[in-house]
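Reader: I've got a new model open and I'd like to learn how to read its features. Can we walk through it together?

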Amino acid sequence: MVNAYVDLIRIRFMMMLAYRVNYYSGIVIYALNIGAYYFLWKAIYGSSESLGGMSVTQMTTYVAISWMARAFYFNNLDREIANEIRDGSVAVQFIRPYNYLIVKMMQGFGEGLFRLFLFSVPGMIVASLLFPVVLPSNPGVWAVFLVMLLFSFLINSQINILTGLLAFFVENNEGMMRMKRVAVDLFSGLIIPVSLFPAAMSAVLEWLPFQAITYLPGSVFTGRVTGAAVYQAFAVQVVWFLILIVPIWWMWRRARSRLFVQGG
Amino acid sequence: MTDATNAINVQRLRKEFRVQKSREGLKGALRDLFNREYTTVRAVKDISFTIPKGEICGYIGENGAGKSTTIKMLTGILVPTSGEIEVNGFVPYKDRERFVRRIGVVFGQRSQLWWDIGVIESFRLLRKVYRVPEKEFKLRLDELTERLQLQDLLNRPVRKLSLGQRMRCELAASLLHNPDILFLDEPTIGLDIVVKTEIREFLKSMNRRYGTTVLLTTHDLQDIEALCSRVIMLDDGNIIYDGSLDELKTKWGKGRELSFRLHEPIPLNRLEQLTEGLGVTWTKENELTAKVWVPFDAAPVSAVLSRVVGAVEVGDVSILEPNTDDIVREIYKAGSAASPAETRGTDGASGNAGGGSTGGDGENHASEAKSGEDADRAPVTAQGAGKHG
């Protein structure tokens, strides 16, 4: 069975290779984003040395790594699931001896791996040549970051699955999906690091799962967080991963009995 | 609980769907926001049936009769509202993952293969999903490839296959793990006659060879005639017929159609004159072919034959089997297969009024052309003959 799940990752990876045009356009979009945010932050910093505990260099690194991490953890599982529910093809998934949600997760992972190797890694190299990005010198930080990156993917995918499964309960969850997308980009710290939000706002965000997607791994990578705090950040991710399993499991169970397949 | 002889056992199975009702107008829409109204639709109404192992059973009914809903409950996709299901020793929705390992399902209208990858990739993935040992898989694949002629298709992506090619691949995919029960939901929909015939042949041979139980829904009654020893007919969520196809035809066939090839063109009203009072209906196929519909409770076929053959030059006569399509259409219209409805048109009533002579010639001809099924009809024919003879 594990064998089959691994195969699903491989197949999605191959599929992504087959549709390379999407990938090229993606590179351009990400390069533009990193460039735009770099100049934006440079202007905001002006002559000041640090903002919200981050130096200009840290901020540049943060922007670059956040976007490259996003390339890995981002996926359209919500849309895929919602579409499969709406057109009824989710029914076909029930006749296979596997767990649909794990299958979806694996497909997302295959997609993520593809972008990690063919996009994030070369992209990061290019970014560090163009902008004053400082990569961590400690291999331990790299190791922790990679594990945290994996959890970014898991938590983001869980949120996507939850949003997608809503299609079982509402006729159109398009609005929810858009809202989720904005919420993830904004609250995860991709656009603005959580520490730069107003105090009240960042206090709220610390209690939401979104910061675990971008802000926490980014903080570790840029060296904003060091020592024991690194493990604390990682623990927050693990806790969120475990917590999010509960609503998914609950929704999936409810969805089973609500499943309505079009056609007589 | 496990049943040794039955593959499928269904008792008082029911499925209800809650359908949201929308109120009219802006006010209604606003009210809908806060307080939704639902109506309960009962798609399957307490049906019971059993299917023994190794049987090929046809499951027919109009669109929306509840066929697919039943199949989806039997395959563990839908959870029944009430009633009991046991398929292959499992309660499908309860023990889904273990249960689906031993069944195969094909939905004619939905692909189960992965759209973007080669067929063989899909098959390999399925091998892993169903944990089929490599050796067994190879044997199976070779056999299926040969029987369904998949040699040239295996390396193509599914999205580049024609419907017929895809369907053959879907069938192969559903059989790679050698399931005990195969569910086919409209497997021949949209296929041309050659592919249809191939698929039917394949299913028959597979059933003989492995004793695979097959339950298929279809709108094509030729599928049923070619494959099924038994038919379950569904209407509005109820089973309205469960039995053999032959019996259905006997019970519901209401007459015979005779086709005459004439030596020279003869106007329709001349033919009508000949059979006046017999309660039959003439139609003209072309200049030299005329057809007459003879209801069982009108005149005997022999009476019609003798009158026509005696009066005009006839090149050839054929007696046409009752058409299953027509029979089924009639049953759908009546909504029950319990008792045949009124005869076609009004011919029956007027037919009894007139008399007729039974010519020896016509009788012989008729019995030659009739099929073996006629034994069942003997009483009806005899009665008719008595009245008219």
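Author: Strands (E, at least two residues) and helices (H or I, at least four) are DSSP runs, numbered from the N terminus. In this predicted model, local features need pLDDT of at least 70 and side-chain atom pairs count only at pLDDT 80 or more, while totals for chains, interfaces and linings use all residues. Residues are numbered from 1 along each chain as its sequence is written, and chains are lettered from A and ligands numbered from 1 in the order in which they are written.

Reader: Okay, in what order do the six strands of the open sheet in chain B come?

Author: The order is β5-β6-β7-β3-β8-β9 (chain B), with mixed pairing. At the edges stand β5 and β9 (238-243) of chain B, each with a single partner strand, so one side of each has no neighbour in the sheet. Ignoring direction, neighbouring strands are turned by 15 degrees against each other on average; axes are lines fitted to C-alpha atoms, for helices over the stretch in contact, and angles run from 0 to 180 degrees between N-to-C directions.

Reader: Which way do β5(B) and β6(B) run, and how many bridges join them?

Author: They run parallel, and five bridges join β5(B) to β6(B), residues 181-185. F107(B), for instance, stands opposite D185(B) in β6(B). Further along, β3 (residues 56-61) and β8 (residues 230-235) of chain B also pair in the parallel sense over five bridges, with V231(B) in β8(B) as the bridge partner of G58(B).

Reader: And how do I read burial? Is β5(B) enclosed or open?

Author: Count neighbours: a residue is buried if 20 or more other C-beta atoms lie within 10 Å of its own, exposed if 12 or fewer, and partly exposed in between, with C-beta atoms placed from the backbone. Five of the five residues of β5(B), 103-107, are buried, so this strand is largely enclosed by the rest of the structure. In a regular strand the side chains alternate between the two faces of the sheet. Here both faces are covered: I103(B), V105(B) and F107(B) are buried on one side, G104(B) and V106(B) on the other.

Reader: How many residues of chain B are in contact with chain A?

Author: Two residues are in contact if their C-beta atoms, placed from the backbone, lie within 7 Å. By that rule, 31 residues of chain B are in contact with 23 residues of chain A. On chain B, α2 (67-74), α3 (96-100), β5 and α4 (119-129) each supply at least two residues of the touching side.

Reader: What about helices? Which residues of α1(A) are buried?

Author: Begin with length: the expected span is 1.5 Å times one less than the number of residues. Helix α1(A), residues 2-18, has 17 residues and reaches 25 Å from its first C-alpha to its last, close to the 24 Å expected. Its buried residues are A4(A), L8(A), I11(A), R12(A) and M16(A). They cover an arc (of the directions from the helix axis to the C-beta atoms) of only 140 degrees, which puts them on the same side of α1(A). The face turned away from that buried side carries the exposed residues V2(A), N3(A) and L17(A).

Reader: What do the buried residues of α1(A) pack against?

Author: They pack against α2 (20-45) and α6 (100-130) of chain A, together with α4 of chain B.

Terms used. Pairing = 2+ DSSP bridges.
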